[in-house]
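Subject: Structure handover

Hello,

Here is the structure you are taking over. Please open it next to this email and follow along.

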Amino acid sequence: MIAVSTANGYILFFHITSTRGDKYLYEPVYPKGSPQMKGTPHFKEEQCAPALNLEMRKILDLQAPIMSLQSVLEDLLVATSDGLLHLIHWEGMTNGRKAINLCTVPFSVDLQSSRVGSFLGFTDVHIRDMEYCATLDGFAVVFNDGKVGFITPVSSRFTAEQLHGVWPQDVVDGTCVAVNNKYRLMAFGCVSGSVQVYTIDNSTGAMLLSHKLELTAKQYPDIWNKTGAVKLMRWSPDNSVVIVTWEYGGLSLWSVFGAQLICTLGGDFAYRSDGTKKDPLKINSMSWGAEGYHLWVISGFGSQNTEIESDLRSVVKQPSILLFQFIKSVLTVNPCMSNQEQVLLQGEDRLYLNCGEASQTQNPRSSSTHSEHKPSREKSPFADGGLESQGLSTLLGHRHWHVVQISSTYLESNWPIRFSAIDKLGQNIAVVGKFGFAHYSLLTKKWKLFGNITQEQNMIVTGGLAWWNDFMVLACYNINDRQEELRVYLRTSNLDNAFAHVTKAQAETLLLSVFQDMVIVFRADCSICLYSIERKSDGPNTTAGIQVLQEVSMSRYIPHPFLVVSVTLTSVSTENGITLKMPQQARGAESIMLNLAGQLIMMQRDRSGPQIREKDSNPNQRKLLPFCPPVVLAQSVESVWTTCRANKQKRHLLEALWLSCGGAGMKVWLPLFPRDHRKPHSFLSQRIMLPFHINIYPLAVLFEDALVLGAVNDTLLYDSLYTRNNAREQLEVLFPFCVVERTSQIYLHHILRQLLVRNLGEQALLLAQSCATLPYFPHVLELMLHEVLEEEATSREPIPDPLLPTVAKFITEFPLFLQTVVHCARKTEYALWNYLFAAVGNPKDLFEECLMAQDLDTAASYLIILQNMEVPAVSRQHATLLFNTALEQGKWDLCRHMIRFLKAIGSGESETPPSTPTAQEPSSSGGFEFFRNRSISLSQSAENVPPSKFSLQKTLSMPSGPSGKRWSKDSDCAENMYIDMMLWRHARRLLEDVRLKDLGCFAAQLGFELISWLCKERTRAARVDNFVIALKRLHKDFLWPLPIIPASSISSPFKNGKYRTGNVDFMSLVQGELYFTPCIYTFCC
């Protein structure tokens, strides 16, 4: 039956009938001999569009324009402009019930005082928009004056005396409403362009504001507060996202609790490739497709478009039908816990994985069997050996997706895809469509389908599926037997029911999850059942056995089974492993996490009674402990992540519970451990809930790596490919080409900061020390310092308890303290430096610490800080210290920068504060890119030249180019004389120590005039007093072999009347018995 409302207040009831005979429309044509010609069950019904007839049954006149039409079970609720509510049977009869006048319905702020509430005391009140919420048993309404409310019957009778309404008093500009039944949310669009989302308080019945969906001036400064009123809102079929459009155009997508995913009012959506602004796309009507993969839109443009030519305007104004395609995370429909570190997105015919492309190098045999006790980090088929050696998860990979096209044979009769899951190793994927399921191997690149299509079409997966080692566990409905079942299939066996283990279920399974060797299911009768699963290899075929362990009834706490979003068996509890009576059970199944319409509820095992030792009982026969009454951990929860892996070095991260809370960011329920395994105080909490904001929407959590993985919508403009005269392409190029890209974000600095705010510095230190080996840990410290500095230094109001000194003291516990401070300073405005160094210490002291630690590059960065904060004399003094140290260590690049720095100070360039340093990482040259514009050309670095090329001729050659003329042109300058004195002093020290190789490198790198200086030092530093020591040092410095003594000179033990021993006197050798290279004497003379 179809009900159609007209503009004049009529309702037309049509009855749908099928034509006689086996007649279908749009029948597919297959070639002869194809498998489809053999025929499959229900082939015509599945592949062909039936021929239907519409017969008008009745016309009902309500004598007033119809504002809203809603289906309520077996009745039809109609709101008219005369302020009446009509309850009509689907057969077109009013059932003898009178219409309800809205003026007689009492309204108040909550249901407790609704009987004495105020009435709508005016005659022209009527409902503008209305939507029925089945899980709240009432109607969310928007009145013509902008007020919003919720009307609910207090009994089964639908009369004016039994209707009561509640409303929020602060909303007076409502335009439309959309209801989310799964999360029991009511979204009201407003004239201001924002969407206010309300829920109903269970105790008082009042409307409570959950969150708002609104654009911020920071993200959209041009369009903020200029969108017009909210025009349309539509929740997706899985109730995970809502689409919002405005009166002046535009489209935005939000998660259930307010995280913005897409908005077409900024970026490439709003501007063309030439920089001109586009007119937003106006939407007149829209509707979601099957499973939320498509959004059908009827568009139309207003008259404000002045940039398009008149010949285009007539075409663009015409309504058009657009189809937007979406992909979604598997967590929205199948929140199983088998693999939480992998991002898996599913579309209508393909899957997106965050993997690399190295799977071809993996041996397929390694995935045939999985060990029951896996290591803490398992190797992925897309692993990169370099990343594994550093301890960084290979799930980061690159920005590209691994796209898996779903088998067309399976999609032909089972479109669209409803569920999907990936195993722990990331090697196998299973998908579920309308009937049956199929699985795919990323190693062999092959799909495996049911050999018997009748078995595939006989099962409907209802509660999702999950992987357990090499087995697929799924809850399904057997159509032939009309029985709910729990099935287990082996991946390596043929996909056939003969190789499956089947367990009958008492009720329909809505959710399924796997934890270690246990399966937890949530059923339609609001009960939770725990199963044990084990591998059996007794017969010729390997199977898995399932046994019921425990059942828990939740009917007292769950009003409707449809409200349960996810159910998870975890090892998380209010007590950590140190305080448990049985520490060996610390990572076992300790609690059940249940997401009830956004409320995270935990039920942990009751250990208040006597405990049974595990060795005294059979694991398969022991009685499990009961569960305690549920407690609420958090509100507005969209997704939950946890793991059962153990790692003593990173217990904080692995034993924590991670929550995604939409627009509020993320939360982590972090365990608190005492230092050195001391016994904690009984009055202290052993866990703490910490909120923090991230810039991406989380889809997976890498626990050991302290990273959150996500996906972001990126755009690519292609409107330049079409001309403005091509009217038919104008609507298509209005939207850019969209690409989904992978992204990641560090969250460790947020957690450290939250711990420091709560005076938990000891816990923050333990957590930071466990993550100190991460390659991006220095960046974590820098981010924390930078964010606290920006917030406190730019605050307009005084901060009573600033956090910056605490953060600075915390960073001093790590050897990267000096680098962290200077990197943060160079990325911060100059005006904030005084506030920073007031907390971390004087930059002069920090500079001296760098010199003492021989960290010259960091000291060079501090020198730039000193140049901006101190007078030139102080900068010159510290630059001299750094210059001398760099000369001693042979850091020639730094020496060249120091020469330019000292010359800049001497020429008066530093009398006025220079511009703020750029926010770039300091390079190996010490971070002196500030003076790059004044740099001079220098000779080639000697470190890159083979040692054989260093000869006397090159050392004595005059440097060419500006470096050779530098000293002669500026010899009269006092600053140049100061620099020359330091260079001469260093050269004299090298020559006195007979370090000729270092002297040659020094002259070549810095353009030092060696010949003229040696002439001046002929009788001073260049004079050789001890030839023996000088020659020994020459041979050692240049790695020359010692001279060979001629055989004639050692034929007799006596020569010149002296007895000769084995130790040759070097003075006698110098007098003529040894053969030296003549250039050495020339060099030393």
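Below are the findings, grouped by region.

This is a predicted model, in which local features need pLDDT of at least 70 and side-chain atom pairs count only at pLDDT 80 or more, while totals for chains, interfaces and linings use all residues. Residues are numbered from 1 along each chain as its sequence is written, and side-chain values use heavy atoms, with hydrogens and water left out.

**Cores**

Start with the largest nonpolar core, which has 111 residues. A nonpolar core here is a set of buried Ala, Val, Leu, Ile, Met, Phe, Trp, Tyr and Cys residues joined through side-chain atoms within 4.5 Å. Buried means under 20% relative accessible area, exposed means over 50%, and partly exposed lies in between (1.4 Å probe, protein chains only). Trp658, Ile751, Phe810, Phe837, Leu882, Phe883 and Phe1002 touch the most other members. Helix α16 (residues 892–906) gives the most to this core: eight residues. Helices (H or I, at least four residues) and strands (E, at least two) are DSSP runs, numbered from the N terminus. A second, separate core has 35 residues, among them Ala466, Phe471, Cys476 and Ile546.

Look at Phe810 next. Setting aside residues up to four places away in sequence, Phe810 touches Leu752, Leu756, Gly761, Ala764, Leu765, Ala768, Leu781 and Met784. Contact means heavy atoms within 4.5 Å.

Helix α20 (residues 996–1006) is mostly covered, with eight of its eleven residues buried. Among those buried are Leu996, Cys1001, Phe1002 and Leu1006. Just after α20, Gly1007 takes a positive phi of about 65°.

**Two buried strand residues**

Arg487 is in strand β36 (residues 483–490). It counts as buried because its relative accessibility is 3%. Its side chain has a polar contact of 2.8 Å with that of Glu485, and another of 3.3 Å with that of Asn497. A polar contact is a pair of N or O atoms within 3.5 Å; within protein, one must be able to donate a hydrogen and the other to accept it, and residues adjacent in sequence count only if both atoms are side-chain atoms. Beyond its neighbours within four places in sequence, Arg487 contacts residues including Met459, Cys476, His501 and Val502. Cys476 is also one of the members of the second core.

Cys176 is in strand β15 (residues 174–180). At 6% relative accessibility, Cys176 is buried too. Leaving out neighbours within four places, Cys176 contacts residues including Asp129, Val142, Phe188 and Leu232.

**Strand pairs**

An open sheet of four strands runs in the order β38-β39-β40-β41, with antiparallel pairing. β38 (509–515) and β41 (543–553) are at the edges with a single partner strand each, so one side of each has no neighbour in the sheet. The twist averages 25° from one strand to the next. Axes are lines fitted to C-alpha atoms, for helices over the stretch in contact, and angles run from 0 to 180 degrees between N-to-C directions. Ten bridges join β40 (residues 527–536) to β41. Two strands pair if DSSP finds at least two bridges between them. Arg535 has Ala544 in β41 as its bridge partner.

Elsewhere, β23 (residues 283–288) and β24 (residues 294–299) run antiparallel, joined by five bridges. Ile283 stands opposite Ser299. The two strands form a hairpin with five residues between them, and Glu291 in the turn has a positive phi of about 60°.

**Salt bridges**

How many salt bridges does the structure hold? There are 18. Each is a side-chain nitrogen of Lys or Arg within 4 Å of a carboxyl oxygen of Asp or Glu.

Asp238 pairs with Lys328, with the closest N and O atoms 3.2 Å apart. This pair links distant parts of the chain, 90 residues apart. Asp238 and Lys328 are both buried.

Asp525 pairs with Arg523, at 3.9 Å between the closest N and O atoms. Asp525 is partly exposed at 38%, whereas Arg523 is buried at 2%.

Arg995 pairs with Asp998, at 3.1 Å between the closest N and O atoms. Arg995 is partly exposed at 25%, and so is Asp998 at 29%.

Best wishes
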